[in-house]
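My notes follow the order in which I checked them.

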Amino acid sequence: MLYPLYTNGLISDGLNFFFALLFGIGFGFILERGGFGSSAHIAPIFYFRDLRVAQTMVSAIMTTATLMIISVYEGWVNFDAVYIPPVYVWPYLVGGILFGLGMVMGGWCPGTSVVGMARGKVDAFMFALGLLSGMWFYFDIYDKIENFANSGALGRFTFAQLFHTDLYVAFFITVVIVVGLMTFMRTMKAIRDQKGEE
Amino acid sequence: MNKYWHPVLTGIVLGFVLYATFMVAGQGLGASGAFARTAAQLAYLIDPSYASNAYAGKYLKHGNALANWIVVEVVGVFIGGYISAMLAGRIRREVDKGEGYSVGKRLFWAFLGGFIMAGATRLARGCTSGQALDGASTFSVGAWIFMLAAFGTAFFAAPFFYKQWKNVKEGE
């Protein structure tokens, strides 16, 4: 198994950093091309006015997940060496709720705000300042919430672990969730379109 | 001004880049970690006692918190975003907001949104990139806990911010 190159010790730290810059440039370029450098493009998803944000995320997840499962099947990648954020159930739930609130208030998420700043969006700049201040605040309160922040720890936890099955079934479950969510979003948009608000 | 790419095309191209990132680095694309590290480094420069902070200390123990993969990657995001916007003629100093909404209020909510989101990304170990996209692409259960909570809350909270996003257009 050749991949991941860095984890397998096949490329140096320096080269890994070089690729980080390269993939970052690709990421930023694509986000900007897709309209993610503007909160005017992102915010309509909250009202189901259009589903562009969801369509982009879903297509990206499906593309990467499909390439990943092929790579696992063909034995190209050591999947155990691929980093997946460890799961902490309660912090993820509360973090997700706060994140959703921040998205509606701010109109950005961390990645898109970087692209927004590159385009000159002043609201993206304010959002980024808020992010930095909020991080600092988190450092200051961390010793009081440390126990909660590490509660419900499941470690590396994919659908394969949840259902005691293999990665192929996990991939299939991911596809089912994605299709289900997209169907839900389309239904919500159809209801909104029918009501014809705005 | 150039038109944006079709969302499905954007997603597929992004998916290939994300896959390549996993194959090379063994980790996916991210964003919030770079903000956390920048904040840690700033805090340290102003008050060196942050080196022993229970959270920021993790970033500072090997020296400069910015000497890290994710920071390099996010610098790339800025460069890539700038190149794309420049080629499309989209670089302008402006604010995105709803019709007739005040700029001051918009900037206030942008700041507060970022402030709240910061801690949220620390609790959730990532954001829409490093948690949602990366996790879902690697079949992680956590990515969906996070995404459903985030977007579920966004849909419920959206009516309270209706004026900010009413007939929202780019730039003012």
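I took helices (H or I, at least four residues) and strands (E, at least two) as DSSP runs, numbered from the N terminus. The model is predicted, so I kept to its limits: local features need pLDDT of at least 70, side-chain atom pairs count only at pLDDT 80 or more, and totals for chains, interfaces and linings use all residues. Residues are numbered from 1 along each chain as its sequence is written, while chains are lettered from A and ligands numbered from 1 in the order in which they are written.

I started with A:Tyr47. I found A:Tyr47 in the chain A loop between helix H2 (39-42) and helix H3 (52-73). Is A:Tyr47 buried or exposed? A:Tyr47 counts as buried because 20 other C-beta atoms lie within 10 Å; the cut-off is 20 or more for buried, 12 or fewer for exposed, and partly exposed in between, with C-beta atoms placed from the backbone. Beyond four places in sequence, A:Tyr47 contacts B:Ala158 and B:Trp165 (contact: C-beta atoms, placed from the backbone, within 7 Å).

Next I turned to chain B. I noted 8 helices and 0 strands there. Its C-alpha trace spans about 50 × 35 × 35 Å along the principal axes. Of its 172 residues, 59% are buried.

Technical notes
Two residues are in contact if their C-beta atoms, placed from the backbone, lie within 7 Å.
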